[in-house]
Amino acid sequence: MTSVPDPPAPHAGPAGRGRRGWWWVGAVVVLLVAGGVVLAGVLEHRSWVAAVARYDAQVAEQADAAEESLTRVEAQEVVHPATLAAVVVTGRTLLAASEGQVEDPAVREPLQSALDAADALRENGVERATEERTVDALRRPNPFRPATRPARHVTVVTGISPAPAELDDAASAVAASATTVADAQQQWAFDGLQAAATDGDPVLTESAGLVTDEGTRTALAAALAAARTSLDAGVGGVPVAQSVAERDAVTSATEAVWSDRLARTLELRRQQARDSGIDCTVQPCVALTFDDGPGVETERLLQVLAEKHVPATFFLVGRNVEARPAVARAAAEAGHLLANHTWDHPQLTTLDDEEVRRELERTQEVITNATGQTPDVLRPPYGDVDDRVRSIATRTGLRVVLWNLDTEDWRTRNTDETRRRAVEGARPGSVVLLHDIHASTIDAVPGIIDDLRAQGYLLVTVDQMAP
Ligand SMILES: [Zn+2]
C-alpha cells in the first residue's frame, strides 16, 4: 500500500496533504481522553457509593449500639439500686428490732457498718455514665457532582454510677451481716422462751392445791404447752415475734400463779391471826420492821421482843445470814416473820434480770437453810423497785412490802429521836422502818413498844397487817 502514491487532492496544496494525513491521531487522543474521563467518573462514582454505604452502616450500627446500651442500662437502673434498697430496709429493721436482744456488739456492728457503707454509696443517687460517639462527615471529592453526608454525633449511655457490681457488693455485705444478726436474734428468742419454760414448769407442778383460782394454773399449762411445741422446732423453728409472745405468755402466767399463791398464803395467815384474836381490819395495828440484819445487836433485840411478847418482821440481808445463821434461826424460832432484803443490798432496779433473780434466790436459799423458813416477802433496799423488779420478785415467790413510817434511825443514830419519830408518826396500819444493826435503835425499841401499846396499838408482823 505504501508503494502506491496518494492521488493528488483537488483542493489542497502540499501542506494540506500533511495535515490530512494525521487527523486520526487527534481523534484517538480525544477518544482516549474521553474514555479516561468516563472511566475516572465510573471509578469515582463506585468509590462514593461504597463510602456512602460504609457511612450508612456506621450510622445504623451507632443507633443500634445506643439503643441496645440504653435498654441494658435502664434495666440496671431498676434492678441493682432496688435490690440494695430492699436489703437496706430489711437490715435497718432488723438492726432496730434486735436492739436489746442481740447484745454482742461484735454481731451488730458489722451490720451497722454495712448499712452505713450502703447509705454512702446511695447518697448521691444513681447516675448514668455516657460517652459521645461520632460518625465522621462524608464529602464527595467530585467538583462536578458535589455531595455530602453530615457528621453524626450520638450520646451513648454506657452504664450507671455506682456500677452494678458496687451496688451488688454493698447489698451482699448488708445481707451477710444481717443473716448473722438474725441468727443471733433467733438464738436469743429461743433461749428466752426456754428460760421462761424452765421457770414455769416447777411453778405449775408445785402450785397444785395452793391456788384459789385453778384457772391461773390452767393458763400456765396452756402457755407451757405452746412453748414446748415451739422449742421442739429448734432454734429458728418459729418466728422471733412468736417466741417472744410465747415467752411473755409463760412469764405472765407464771407470775399470775405465784400472785394467786402468795395472796392465798397471805389470806391464810390473816385467818390464823383472826383465829388468835388479831384482826387489823378492826383493830389499830402497827408493824415494827427491822432491816439489814442479822447484826451484832440482833440477839439483844430478840431478847427485848421476847420480854415484851412482840412479834416483828426481819428483812434479812443474805450475806449477813450466812455470817450469823444461828441468829436468823433464833428469830425464826421466836415466831418472828423472816423476809428477804437481798443478798448484799444493791439497788435492784440497776441490775439486769438475772442479777436481780440471783440476789433474791441466793437470799431465799440461805434463809431457808439456816432457819427452815422460806420467806415470801421482799423489801427492796432503799425501796428501789419498779414493775420489772416486782415481776421478778413475784416469780421468785416474793411479795414486795415497803414501809410508810421512816424513823430515820440510820441517820440520827439517836435513841430518843428514833422513839419519838416512831411513836408520833404511828397511825393504824403503820409499817415502821427500823434497822437492827444500830445499838441506838435497839435501845429505842422498849420505849416504842410501851408508848404504842399505851396508845392502844396492837403490834403485828407485816403479813397480819390489813391490806
Ligand atoms: Zn436496807
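Visitor: Which residues of α5 meet which residues of α6?

Guide: Please note that this is a predicted model. Two residues are taken to be in contact if their C-beta atoms lie within 7 Å. On the side of α5, Thr216, Arg217, Ala219, Leu220, Ala223, Leu224, Ala226, Ala227 and Ser230 take part. On the side of α6, they meet Gln242, Ser243, Glu246, Ala249, Val250, Ala253, Thr254, Ala256, Val257 and Asp260. Sorted by class, the contact of α5 with α6 holds 11 nonpolar, five polar and three charged residues.

Visitor: At what angle do helix α5 and α6 pack, and how far apart are their axes?

Guide: Helix α5, residues 214-232, packs with α6 at about 155 degrees, and the two axes are 9 Å apart. An angle over 145 degrees counts as roughly antiparallel, and therefore α5 is roughly antiparallel to α6. The handedness is a separate property: α5 and α6 have a left-handed crossing.

Visitor: How do the axes of α4 and α6 cross?

Guide: Helix α4 spans residues 164-206, and its axis comes within 9 Å of that of α6, with a crossing of roughly 20 degrees. An angle under 35 degrees counts as roughly parallel, so α4 is roughly parallel to α6. In passing α6, α4 makes a left-handed crossing.

Visitor: Which residues meet where α4 and α6 are in contact?

Guide: From α4 come Gln185, Gln186, Ala189, Phe190, Gly192, Leu193, Ala196, Ala197, Asp199, Gly200 and Val203. Their partners in α6 include Val240, Val244, Arg247, Thr251 and Trp258. The contact of α4 with α6 divides into 12 nonpolar, seven polar and three charged residues.

Visitor: What is the angle between α7 and α14?

Guide: Helix α14 covers residues 439-454, and it packs with α7 at about 15 degrees, the axes being 9 Å apart. The pair is therefore roughly parallel. The crossing of α7 and α14 is right-handed. Arg300, Leu301, Val304 and Lys308 of α7 make this contact with Ile442, Val445, Pro446 and Ile449 of α14. By class, the residues of the contact of α7 with α14 are six nonpolar, no polar and two charged.

Visitor: Into which domains is the chain divided?

Guide: There are domain 1 (32-179), domain 2 (187-271) and domain 3 (279-460). The distance between the C-alpha centres of domain 2 and domain 3 is 31 Å. Seven residues from domain 2 and six residues from domain 3 form the contact. Helix α6, residues 240-275, supplies six residues, the largest share of the side of domain 2 that touches domain 3. That side of domain 2 has two nonpolar, three polar and two charged residues.

Visitor: Why does His309 count as exposed?

Guide: The test counts other C-beta atoms within 10 Å, and 12 or fewer makes a residue exposed. His309 counts as exposed because it has 9 such neighbours. Arg413 has 14 other C-beta atoms within 10 Å, so it is partly exposed. Asp169, in helix α4, is partly exposed because it has 16 C-beta neighbours inside 10 Å.

Visitor: How far is Asp169 from Ala444?

Guide: Their C-alpha atoms are separated by 77 Å, and the two residues are 275 residues apart along the chain.

Note on methods: Residues are numbered from 1 along each chain as its sequence is written. This is a predicted model: local features need pLDDT of at least 70, side-chain atom pairs count only at pLDDT 80 or more; totals for chains, interfaces and linings use all residues. Domain bounds come from an automatic or database domain assignment. Helices (H or I, at least four residues) and strands (E, at least two) are DSSP runs, numbered from the N terminus. Ala, Val, Leu, Ile, Met, Phe, Trp, Tyr, Cys and Pro count as nonpolar, Asp, Glu, Lys and Arg as charged, and the others, Gly among them, as polar. Axes are lines fitted to C-alpha atoms, for helices over the stretch in contact, and angles run from 0 to 180 degrees between N-to-C directions. Angles under 35 degrees count as roughly parallel, over 145 as roughly antiparallel, 65 to 115 as roughly perpendicular and the rest as oblique. A crossing is left-handed if the near helix is turned anticlockwise from the far one by less than a right angle, and right-handed if clockwise. A residue is buried if 20 or more other C-beta atoms lie within 10 Å of its own, exposed if 12 or fewer, and partly exposed in between; C-beta atoms are placed from the backbone.
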